[in-house]
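I opened this notebook to keep a record of what I looked up, going from the whole chain to single pairs of side chains.

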Amino acid sequence: MSFGGPANSSEDSAVFMMLKLGSMWLQRPATATRVDAGNISPARSDFCTTVGASTIRDSRWSDSNYGAVLDVFAPGENILTASKDSTLETQWANGTSFAAPHARSLSLPGIVAFFISQLGNGKRPAEMIVFVRDTAVRNVLTGIPFGTPNDLANNGNP
């Protein structure tokens with residue numbers, strides 16, 4: 001999911017209820033607004049994985065949000081994606097909208113899916129959030145603001 005807005009307890013509660021029902025929520029930190037994601041819903045919720053964007057040079061992407069609520073960073077620069085203009089073309093894109101899918105599947109249609117394929121579907125969504133955090137590579141990114149976790153999503157492969 002790639003959306004967000006001002007802090008809203010109703011949105012945060014909805015994410016919690018979906019998690020209880022077994023849905024995994026990965027959230028980029030709202031729009032790329034360069035603000036503390038702790039002020040954005042549902043990114044501020046403890047019940048979704050909040051993902052920041054990193055660059056190809058392993059630094060924080062300049063427009064990525066930040067803050068203590070971020071769970072991990074994932075690649076968000078020079079991402080090859082489907083074109084919005086054609087079903088037959090691709091395009092290169094940047095941003096947290098492209099970082100969140102990396103965390104979902106890795107590259108969560110990437111990391112979480114990979115973990116499920118390797119480990120089975122025995123982890124509840126809340127446990128998977130912790131697992132994604134625990135497998136991240138620590139302290140490899142530059143330009144990370146104070147109080148923001150410096151964790152890069154990783155699938156455990158070299």
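Predicted model: local features only at pLDDT ≥ 70, side-chain atom pairs only at ≥ 80, totals over all residues.

Entry 1, the order of elements. From the N terminus on, I read the elements as β-α-β-β-β-β-β-β-α-α-α-β-β, and the chain has 4 helices and 9 strands. Helices (H or I, at least four residues) and strands (E, at least two) are DSSP runs, numbered from the N terminus. Residues are numbered from 1 along each chain as its sequence is written, and side-chain values use heavy atoms, with hydrogens and water left out.

The axes of helix 3 (residues 111-119) and helix 4 (residues 125-134) come within 11 Å and cross at roughly 105 degrees, the axes being lines fitted to C-alpha atoms over the stretch in contact and the angles running from 0 to 180 degrees between N-to-C directions. That makes helix 3 roughly perpendicular to helix 4, a term for angles of 65 to 115 degrees. On the helix 3 side I listed Ile111, Val112, Phe115, Ile116 and Leu119, which meet Met128, Phe131 and Val132 in helix 4, with contact meaning heavy atoms within 4.5 Å. By class, this contact has 8 nonpolar, no polar and no charged residues; Ala, Val, Leu, Ile, Met, Phe, Trp, Tyr, Cys and Pro count as nonpolar, Asp, Glu, Lys and Arg as charged, and the others, Gly among them, as polar.

Taking a salt bridge as a side-chain nitrogen of Lys or Arg within 4 Å of a carboxyl oxygen of Asp or Glu, I find a count of 5. Among them, arginine 34 pairs with aspartate 63, with the closest N and O atoms 2.5 Å apart. Arginine 34 is in the loop between strand 2 (26-27) and strand 3 (40-41), and aspartate 63 is in the loop between strand 4 (49-54) and strand 5 (72-75), 29 residues apart. Aspartate 151 and arginine 138 also meet in a salt bridge (3.3 Å, N to O). Aspartate 151 is buried at 11% relative accessible area, whereas arginine 138 counts as partly exposed at 39%.

Methods
Parallel < 35°, antiparallel > 145°, perpendicular 65-115°, else oblique. Buried < 20%, exposed > 50% of the residue type's maximum accessible area, 1.4 Å probe, protein only.
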